[in-house]
Amino acid sequence: MNAEKDIYILGIESSCDETSIAVVKNGRVVLSNIISSQIDIHKRFGGVVPEIASRNHTMAIVNVLDEAVKNAGISLDDIDAVAVTYGAGLVGALLVGVSAAKSLSYMLKKPLIAVNHIRAHIAANYLNNSNLVPPFLCAVVSGGHTELVNIKDYISYEILGSTQDDAAGEAFDKVARLLGLGYPGGPEIDKLAKLGNSNIEFFKHAKTISDGYNFSYSGLKTAAVNYIHNQKAKGNEINIPDICASFTYYAIEPIVEKAFTATLNLGYENIALAGGVAANSYLRERFLEMGEKYKVNVHIPPLALCTDNAAMVASMGYYNYINNVNIADMTLNANPSL
Ligand code: KG4
Ligand code: ZN
């Protein structure tokens, strides 16, 4: 492969409730990143309804593709490969992206690259003038994952620890629902936490810290649920901002502590954040503070690249492509539990 030639990857993401298509140059430069979000559609149901998600992906994907190619200022023939998220996610939703990617790959006679959604979240750190190169430690914190990952190079990694039960984002969403906040709950809790104090003692005994580099969120979630129910039963007024601030504190601190311990133990100079919960302002602020304290370079994607988008898929697809990894064919299928 000629190293001098620019490589354009078209990325497709449809694993949950965002239909997104992007064009990324050389794995690093975002030429376009169109995101059609279904959040407003699912809001009224308090969460993502899988069948509705699939149908809306189908309706949106052709227009999103048109816009992504037009905004990138290239033609479809300039694309070197088509990269698509094939898991993890909702099976029907994933299939829309996988089918579109297969059709494009077949039509354009360009390679099809399979991308793992979580690896794509990590690759969001390579975009937007980032100077990050492996190795580094990445804390992946999303609606489905809470993991510390040792990124050894662009294609090899080791999961050092993960949640033993609920993911952090899932816990944010459940507590938010109980407090009557909208969907998705994470951003709502983030907003309200800024108005409250993290001084509620009820989380004191919640077991958010599991052994080693692992996490556990079910104890914290139950503590929150019990506290809210007890207060309601006693007829006490609930201080929602304080609950949000306390929950945020206890949910985030173990991630910060363990991620920096792992980075220092590995002797790495770089640490990164990835996944939807990486949009959390307290988590971002704590990473920056700790980076300063321990002289570790902190990398955090801009907000729009933390939640689901196709630019991150195209970036990961690029590194798979140039390393000849995960090159797929017409037998590629969605893998919801990847
Ligand atoms: O990565 P993502 O978009 O989807 C998955 O791959 O899971 O993450 C979605 C999760 C949701 O649980 C959402 O509540 C959470 O990220 N989230 C946040 C914030 N923004 C999104 N959690 C806390 N604070 C935020 N600002
Ligand atoms: Zn995601």
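Select helix H5 (residues 168–178) and helix H7 (residues 218–233): their axes come within 10 Å and cross at roughly 5°. Helices here are DSSP runs of H or I, at least four residues, and strands are E runs of at least two, numbered from the N terminus. Axes are lines fitted to C-alpha atoms, for helices over the stretch in contact, with angles from 0 to 180 degrees between N-to-C directions. H5 is therefore roughly parallel to H7, a label for angles under 35 degrees.

This is a predicted model: local features need pLDDT of at least 70, side-chain atom pairs count only at pLDDT 80 or more, and totals for chains, interfaces and linings use all residues. Residues are numbered from 1 along each chain as its sequence is written, and side-chain values use heavy atoms, without hydrogens and water.

Now show side chains. From H5, Lys-174, Val-175 and Leu-178 meet H7 residues including Val-225, Ile-228 and His-229; contact means heavy atoms within 4.5 Å.

Next, pick Phe-247, Ile-255, Leu-283 and Phe-287. Among the 43 residues of the largest nonpolar core, these touch the most other members. Such a core joins buried Ala, Val, Leu, Ile, Met, Phe, Trp, Tyr and Cys residues through side-chain atoms within 4.5 Å. H8 gives the largest share, 11 residues.

Stay in H8 (residues 240–266) and select Thr-263. Is Thr-263 buried or exposed? Its relative accessibility is 0%, so Thr-263 counts as buried (under 20% relative accessible area; exposed is over 50%, partly exposed in between; 1.4 Å probe, protein chains only). The Thr-263 side chain reaches the backbone oxygen of Ala-259 at 2.7 Å.

Terms used: Chains are lettered from A and ligands numbered from 1 in the order in which they are written. A polar contact is a pair of N or O atoms within 3.5 Å; within protein, one must be able to donate a hydrogen and the other to accept it, and residues adjacent in sequence count only if both atoms are side-chain atoms. Angles under 35 degrees count as roughly parallel, over 145 as roughly antiparallel, 65 to 115 as roughly perpendicular and the rest as oblique.
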